[in-house]
Amino acid sequence: MNPWNHDVAKDEKDLIDVQVDGVWMQMPRGLNVVEVAHRSKKFIPHYCYHPKLSVVGNCRMCLFEMGTPKMGPDRKPILGPDGKPEIAWMPRPQIGCATGVTPGMGIRTDSALVKDCRNGVMEFLLINHPLDCTICDQAGECKLQEYSVEYGTGESRFVENKVKKPKNVDLGERIVLDDERCILCSRCIRFSSEVGKEDVLGFVNRGSHSTLTAYPGKRFDHPYSLNTVDICPVGALTSKDFRFQMRVWFLKESKSLCTSCGTGCNITVGSREGKVHRLTPRENEAVNSQWMCDFGRLNFHYLDSKDRLTRPLLQAAGQQFPGTWADAIQRAAEGLKKVKPEEMAVVASARLTNEELFVLKRLLAELGVTRVDGVQNLGQADSFLRSGDGNPNSRGAELLGLSSGGRKFSGWGEEIVSGKIRGLFVLGGENVIPAGISASALAKLEVLIVSGILQNETTRAAHVVLPAAASAEKTGSMVNVHGRLQRMTRAVAGPGEAREDWMILRDLREACTGGNSLHSVEDVWKAMSMEVPAFTGMSWAKIGDLGVQLESSAQAVPSITS
Amino acid sequence: MAISEQRLIFKHIDAPGYTRDMECYLKHGGYEMLKKGLAMGPSAIRDEVKKSQLRGRGGAGFPTGTKWSFIDPSKATKPIYLICNADESEPGTFKDRQIIYKDPHQLLEGMILSCFANGVKLAYLYIRCEFTFGHKVLEKAIQEAKAAGFLGKNILKSGYDLEIYVHRGAGAYICGEETGLIESLEGKRAYPRIKPPYFPAVLGLYMSPTIVNNVETLCNVKHIVEMGGDAYAKIGRPNNTGTRLLCVSGDVVKPGYYEFPCGGITLGQLIYGVCGGIRNGRRLKAVIPGGSSAKVLRAGEVFKVKEKDAQGNMVDREVKLEDLRMDFDSLAAAGSMAGSGGVIVMDDTRDMVECLANISTFYAHESCGQCTPCREGVLWLKKILARIAEGHGRDSDPGLLKDVADRIAGRTICAFGEAAAWPVQSFIGKFKEEIQLRIRRNGTAAKRDTISLTH
Amino acid sequence: MSTPLRAGTENCASPEKGEISSEMEKQADELVTRYPVSKRSAVLPLLHLWQETFGYIGPRGVEWIAKRLSLQEIQVLELVTFYPWFRQRPYGKFHFRVCRTLPCALGGAGKTFAALQKLMNLKADGHEGAMVSEDGRFSLEYSECLASCGTAPVILRNDEFYEKVDEKKASELVAGCK
Ligand SMILES: Cc1cc2nc3c(=O)[nH]c(=O)nc-3n(C[C@H](O)[C@H](O)[C@H](O)COP(=O)(O)O)c2cc1C
Ligand code: SF4
Ligand code: SF4
Ligand code: SF4
Ligand code: FES
């Protein structure tokens, strides 16, 4: 997926001795000095270097002092009293991003020379930089701001006129550019060329007048464009969607998954006071590296759509009225039992988590209902991250034996019309009408229970509507299209009375069958790991923040660490 | 006190009746060395070049034989390229122009020999486009050479094929820097590459092994083949072998281009003897000995130079400016460099602020803008100097100029950083009183002449 | 309000007028053959060809070259704005470049430039690059070192190179513009 992975050595096991700030340690041969410092809990500040992009060495922030072993007349290193090589320090600083470690190399990350180098670069970068941190979206995440506190001098000795450049440039559908803030690190250009495979961005003019831009008339509308906002070390590239929303330090961060397709990109949900403000990619080399698509990133505004279902709805005399959860669960339980199990059909959406599906599975087993399937949701596959499967948990639903990917479902419309199916329970907010069941067929049903997120034609036809939590509002796990089991944690509570599906199902089960053994995600996992072969030996804790590759999945992850 | 030139490369240049046509070149023994070289074979030529101790004439003075030895044609898995650097853009330098315009076949012969020696089948001649006629001269010379079988397929029936194409720059000084040149030749902005890892010998043009040599360097190869490496090494001084083309400009009576054995002439002999002294009866104030990037030398300076004595022991010797030998090691020992051979002379009426502001304007204009210290620092230097030149200097300016320059040199992607910082460091170091005085008098002293042209 | 994209084209004139001759197409094809490894290398030669034909490189030139070499327009615009030789608006029929670098400055380039400016009656108009006379006859700009420092001051008038151009020679050169 990435053309480069500079944070991984060619051979992690080929260890050599290097000295970092006076301490000898072992590091993989050839790993660059920025990464070596990082692994030794030191820090070398940098702007242009990005582990997933080509190294250009233009910012000069990562300059460090380098030494090599002093050689004796026998052409062997001269050893000091500690048995380690004596080091000859070079007068000229080197860039950490482009220097791989060699045996006996000495590295100084905080000598007087190194400090002077950083000081100098900071002063240079700031002379033409506008002083508008107070209105800059990047404040709090800006490396220029951060490093100027650490490595700057505070005072400016620059009394000349600053170079003027375009501000507030409409770079594309989703991105605004402030050229005066740009420090010309070229990360965005390299991202769009090397990862995005499109040369949209470039520098025009020369020297101090160099300016980032796209060709007039060719906008930067790449489907992954917003990643450049993440990797821009300053506030030059900003997301129109997030601009002026919120100071980033107020945001609460929750680890979650993007559920807009089957890839399951790892994300961080940024929220404040119950409102989600942004989704950003969370690094996972086995899935999405540090990237995510713009579609998935921006697909969260529905969370506060005016169509959100916030209260249970009960149908009476052809109309829906708000009701209490107790009444709704009661009515739903009655409905499930009203028709014979073999006359019931259940849409076990592949948008539900494994935990939710598992509780559902229990319930159906207890009820004796066997007609269950998911609904196919086609996504727009691309050659990078996006999967053609629009459902985030198709594999999970399959592994739990609840879905055939919609093959069975495709016959249900006729079966309703012919009277074979008299009751339908739809989960996960699936709108079954576009999926193939006609409105007139729905009208024929004796029982239609729908648990969903947004109002749609299906919820409007339902006898009972159960308002459910959306992905950022719940905790659970999913299995992505490559067979990786991953988990998400709740960032915000659902609106109004909306509840997580697994709770809805737990209560429904209790009302239907009295079964109530599953009270928490952990409970569910205990049971799942025993009953679902693919999950054997697995637990909530074991999944961890980065997920696990399931043995049972034959599909390998595509060349991510290549 | 007349010192006579030893013309090797300039042998025929400006000689009456000598033209740039191949016919004329052949009449003067042209392409005989190509025949000789083809018979010698590649490794023999490489050996002779190594023995000659030839050092590159483009600026850095890197030994050509060593540069070539980084490339092993017998082991190369990718094609090897050679690029002739005819960008000649270092201020004060105008020697390559003479060769290109007046004796293009000499360059071609040297280039073909060098390509043959290194297994090169495709070579480019990168010429600055301000030589508006030069590229046509070269194109014609290439056509003539091809027609005569000296170039192209199966050269002189030796089985060796070589294509040389002329590629024109577009007015950017940084294209003289070899990796900037390579990027430019690849059709990109001339952003110099980081070294490591992009050493031309390994990851050069199209990420293949590449040799970049200056015009004069390549011409020398022809003469090395002619006289043999050992004989060539006897010209000049140890480690500073061969002849050197010197370009003198500025305030001398007879500016121009000259050729002497390397180190066979002193700075004083050059200025006062060869060039007729300082013009208008004035006195020397300052001289830049190796292109505008070299550190300035002040009249009256005395340098401590380490030298080998007759017994081979290292001894300190005091050398006056006038007695500095015009070779790589002597000028380096004096804290400057032989660089590209461009000697710029300033007389005692010249205002050092104006001169330095002019130089810094050049670098501010030419910075490619890729790396932070150079992009930001060099324009800053220019702005400060322009301000002083306009009569708005501040007492803190000399210190600030030095600080800024110190934070550029040694910290950039390419040697342009030093090229831009050295003039500032050396002018501030050597003419501090004058600059301070200029600042104190801000605006009150009438300007004698406007040289800064900071526009 | 946000600004539209136009960096690198602020000084750009409207699209170049005129036919692209088949001769020019042939020349372009020949130039591309000189770079068997990567035709992207042919950008500079094609930019020269275009500027020599149309006088400047506007949007038409950028797009023509990009298309010919299978590049994105930005990759061509990056070069047009990097290399000082290229211009994005028409210059005078007689374009003068005066070397301003130290040796020429020592030789009086400032006076030569001032004389030319006066003779051509040119004023700085806030544009990047050269000053252009209203009738389009003359244009004038400084250039960096032209590599003939021994015969300072030197200038280029279009493609013709002149040495030791003092004020007197400057006026002759202007007078000689026919
Ligand atoms: C800023 C800069 C400008 C340079 N300009 C030139 C030039 O115009 N011509 C040249 O031959 N070398 C120039 N060089 C030196 C080249 O990088 C390179 O060292 C040289 O072409 C190698 O040839 P040589 O070994 O034959 O000297 C320049 C170097 C720098 C850093
Ligand atoms: S916009 Fe940001 S990422 Fe792009 S070059 Fe400028 S500072 Fe770097
Ligand atoms: S690729 Fe899929 S999972 Fe990843 S961000 Fe896009 S929609 Fe979300
Ligand atoms: S030192 Fe100057 S010229 Fe060289 S790469 Fe850096 S910015 Fe460009
Ligand atoms: S991180 Fe920018 S030069 Fe190394």
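**Notes on the chain C and chain B interface**

1. Let me start with the charged pairs: two salt bridges are counted between chain C and chain B. Please keep in mind while reading that this is a predicted model.

2. Polar contacts between chain C and chain B come to 22 residue pairs, with both residues at pLDDT 80 or more.

3. Which elements of chain C give two or more residues to the side that touches chain B? They are α2 (43-54), α4 (73-80), α5 (102-106) and α6 (109-120). Of these, α2(C) gives the most, with five residues.

4. As for the make-up of that side of chain C, its residues divide into 24 nonpolar, 10 polar and seven charged.

5. On extent, 41 residues of chain C are in contact with 60 residues of chain B. Interface size is often given as the accessible area lost when the parts come together. For chain C and chain B, the buried area is about 4,000 Å², and carbon and sulfur atoms give 61% of this area.

6. Finally, a word on how chain C is divided. The domain assignment gives domain 1 (8-82) and domain 2 (94-175) of chain C. The C-alpha centres of these two domains of chain C lie 27 Å apart.

Key
Residues are numbered from 1 along each chain as its sequence is written. Chains are lettered from A and ligands numbered from 1 in the order in which they are written. This is a predicted model: local features need pLDDT of at least 70, side-chain atom pairs count only at pLDDT 80 or more; totals for chains, interfaces and linings use all residues. Side-chain values use heavy atoms; hydrogens and water are left out. Contact means heavy atoms within 4.5 Å. Buried area is the accessible area (1.4 Å probe) that two parts lose on being put together, summed over both. A salt bridge is a side-chain nitrogen of Lys or Arg within 4 Å of a carboxyl oxygen of Asp or Glu. A polar contact is a pair of N or O atoms within 3.5 Å; within protein, one must be able to donate a hydrogen and the other to accept it, and residues adjacent in sequence count only if both atoms are side-chain atoms. Helices (H or I, at least four residues) and strands (E, at least two) are DSSP runs, numbered from the N terminus. Ala, Val, Leu, Ile, Met, Phe, Trp, Tyr, Cys and Pro count as nonpolar, Asp, Glu, Lys and Arg as charged, and the others, Gly among them, as polar. Domain bounds come from an automatic or database domain assignment.
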